[in-house]
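User: Hi! I'm new to reading protein structures and would like to go through one with you, feature by feature. Can we start?

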Amino acid sequence: MASRFLLVGLLLATISLVALASDPSPLQDFCVADTDSKVLVNGFVCKDPKMVKAEDFTFRGLNKMGDTNNPVGSNVTQVNVNQLPGLNTFGISMVRIDYAPYGQNAPHTHPRATEILVVIEGSLLVGFVTSNTDNKLFTQRLEKGDVFVFPEGLIHFQQNVGHGYAVAIAALSSQNPGAITIANAVFGSDPKISDDILAKAFQVDKEVIDKIQSNF
């Protein structure tokens with residue numbers, strides 16, 4: 001009997017901890033980010049509601065094509081809390097992604113968000129890889145109007161496989177999802193990761209690593 005009560009007590013404690021770990025419900029209609037505040041919190045402190053304007057909830061320019069003249073042939077126009085202060089505490093953001101012919105949004109992760117993407121124009125090859133040790137690739141070719149979801153934290157990519165320019169819009173489940181481009185982080189860190197470490201990790205000669213690092 002005592003062990004049964006102990007088991008029930010542990011179960012209730014576990015449920016309580018899970019409940020406390022979830023995102024809290026908003027305690028006000030909005031919390032527009034005060035980007036000028038020197039107070040450091042997880043996110044941004046709220047602007048005085050009396051100082052809030054409609055412009056705090058407005059972003060213009062997502063209709064404009066981004067500059068894809070770069071080595072990977074893509075451009076990401078972000079609309080997160082840094083561009084749209086009214087997103088603060090809402091747990092959402094979005095991006096426009098432009099792709100030159102055969103351009104790609106290189107393999108990357110969003111450490112704080114799941115992403116759902118819809119193709120607006122063109123054809124994209126998209127995919128994500130599951131975590132160790134399976135490392136299973138889920139990939140799909142998308143056409144205009146198709147939707148694909150990338151789970152939070154997993155490495156994913158998109159590549160334009162059409163002959164013209166392509167455009168996609170994506171929504172993310174964080175006001176500031178973050179992005180870690182794998183190649184930039186591994187080969188372009190400051191200071192550099194030792195070529196001994198990378199050579200062993202990628203199972204290539206150090207000269208190959210040095211060459212790749214020089215490109216970043």
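User: Which side chain does the side chain of E115 join in a polar contact, and at what distance?

Analyst: One thing before we start: this is a predicted model. To read a polar contact, look for a pair of N or O atoms within 3.5 Å. Here the side chains of E115 and H110 make such a contact, at 3.0 Å.

User: Is E115 buried or exposed?

Analyst: The idea is to check the relative accessible area, where under 20% means buried. E115 has 2%, so it counts as buried. You'll find E115 in strand β4, which covers residues 115-121. Leaving out residues up to four places away in sequence, E115 touches a list of residues including H108, H110, F148 and H156.

User: Where is H108, and what is it in contact with?

Analyst: For a residue like this, start with the element and then look at the surroundings. H108 belongs to strand β3, residues 104-109. Its relative accessibility is 4%, so H108 is buried too. Beyond its neighbours within four places in sequence, the contacts of H108 include E115, H156 and I180. A polar atom of the H108 side chain also lies 2.7 Å from the backbone oxygen of A106.

User: Which peptide bonds are cis?

Analyst: Look at the omega angle of the bond. From N132 to T133 the peptide bond is cis, with omega near 5°. T133 sits in the loop between β5 (124-129) and β6 (137-142). From D190 to P191 the bond is cis as well, with omega near 0°. P191 lies in the loop between α2 (182-187) and α3 (195-202).

User: What is the phi of Y102, and what is the phi of N135?

Analyst: Y102 is not a glycine, but its phi is positive, about 65°. Y102 is in the loop between β2 (93-99) and β3, and at 51% relative accessibility it counts as exposed. N135, also not a glycine, has a positive phi near 50°. N135 belongs to the loop between β5 and β6, and its 42% relative accessibility makes it partly exposed.

Technical notes. Residues numbered from 1 in each chain as written. Predicted model: local features only at pLDDT ≥ 70, side-chain atom pairs only at ≥ 80, totals over all residues. Heavy atoms only, no water. Helix = DSSP H or I, 4+ residues; strand = E, 2+ residues; numbered from the N terminus. Buried < 20%, exposed > 50% of the residue type's maximum accessible area, 1.4 Å probe, protein only. Contact = heavy atoms within 4.5 Å. Polar contact = N/O pair within 3.5 Å; in protein donor to acceptor, adjacent residues only side chain to side chain.
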